[in-house]
Amino acid sequence: MSKTSKIFTPTNQIRLTNVAVVRMKKAGKRFEIACYRNKVISWRNKLEKDIDEVLQTHTVFINVSKGQVAKKEDLIKAFGTDNQTEICKEILTKGELQVSDKERHSALDSMFKDIATTVANKCINPETKRPYTITMIEKAMKDVHFSVKPNRNAKQQALDVIPQLKAVMPLERAQMRLRVLVSGKEAKKLRDKIEKLVTKLETEEWDNGTLDLVCLIDPGHYREINELVRSETKGSGLLELLNLKEIVEGDEVLE
């Protein structure tokens with residue numbers, strides 16, 4: 001090796017560490033930007049709005065790991081500008097986030113557990129009225145070969161997997177027990193509307209035109225019933241959450 005090659009250092013190289021790379025192909029060339037870990041998703045979800053918190057440097061590369069910076073003429077050809085920050089924003093929004101296999105597996109494992117936890121919190125065994133453990137839900141998810149979708153949140157995927165899990169275990173959404181107290185001429189009309197949304201009417205009492213109703217509902221209907229009571233009674237009706245889950249706790253009896 002000659003003496004000149006030993007001391008040669010390219011002037012267009014920038015060294016970065018602990019970096020997350022977002023990549024985009026445009027006009028036949030590959031462009032990359034260097035971001036801080038965990039910040040790319042926050043930016044895309046609009047949780048992080050400060051670009052300086054996301055970018056390690058306002059520089060567009062052709063190869064981040066080698067520190068090779070993109071040429072000005074290539075940027076203009078591909079993006080119609082050489083404004084590095086604006087190009088970085090476009091790549092950040094539309095580009096493909098590069099993660100290592102180890103990071104990908106770790107993120108998928110974490111989300112798998114989050115989904116199982118959500119299902120365990122939302123569902124019960126309808127035969128015993130008791131919740132399942134997270135471990136039991138995880139095992140059932142593996143039995144139905146459920147695969148995590150990294151671009152969807154845990155709650156959405158939990159709702160997706162519940163019907164699949166019903167094929168291998170007795171499972172149903174835990175019910176909310178509500179009490180509705182309404183008086184006045186709107187009571188009868190409101191009662192009929194609520195009846196269409198409940199799983200079960202447990203008690204219904206009328207006293208001088210005042211309705212006292214206890215019912216079980218799917219948690220997904222809570223917001224709709226709450227809005228009904230609030231709007232139909234102009235705020236005078238009462239909606240009370242008696243318990244979150246229809247779960248047997250020992251020999252507890254709810255009067």
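This is a predicted model: local features need pLDDT of at least 70, side-chain atom pairs count only at pLDDT 80 or more; totals for chains, interfaces and linings use all residues.
Residues are numbered from 1 along each chain as its sequence is written, and side-chain values use heavy atoms, with hydrogens and water left out.

Strand β8 spans residues 176-182; strands (E, at least two residues) and helices (H or I, at least four) are DSSP runs numbered from the N terminus. β8 runs antiparallel to β11 (residues 238-243), joined by five bridges; two strands pair if DSSP finds at least two bridges between them. Seven bridges join β8 to β10 (residues 210-217), also antiparallel, and there Arg179 is partnered with Val214. Five of the seven residues of β8 are buried (under 20% relative accessible area, with exposed over 50% and partly exposed in between; 1.4 Å probe, protein chains only).

Helix α9 (residues 187-195) has Ala187, Leu190, Arg191 and Ile194 as its buried residues. These lie on the same side of α9 because they cover an arc of only 105° around the axis, the arc being that of the directions from the helix axis to the C-beta atoms. Their cover includes β8, β9 (200-207), β10 and α10 (222-232), where contact means heavy atoms within 4.5 Å.
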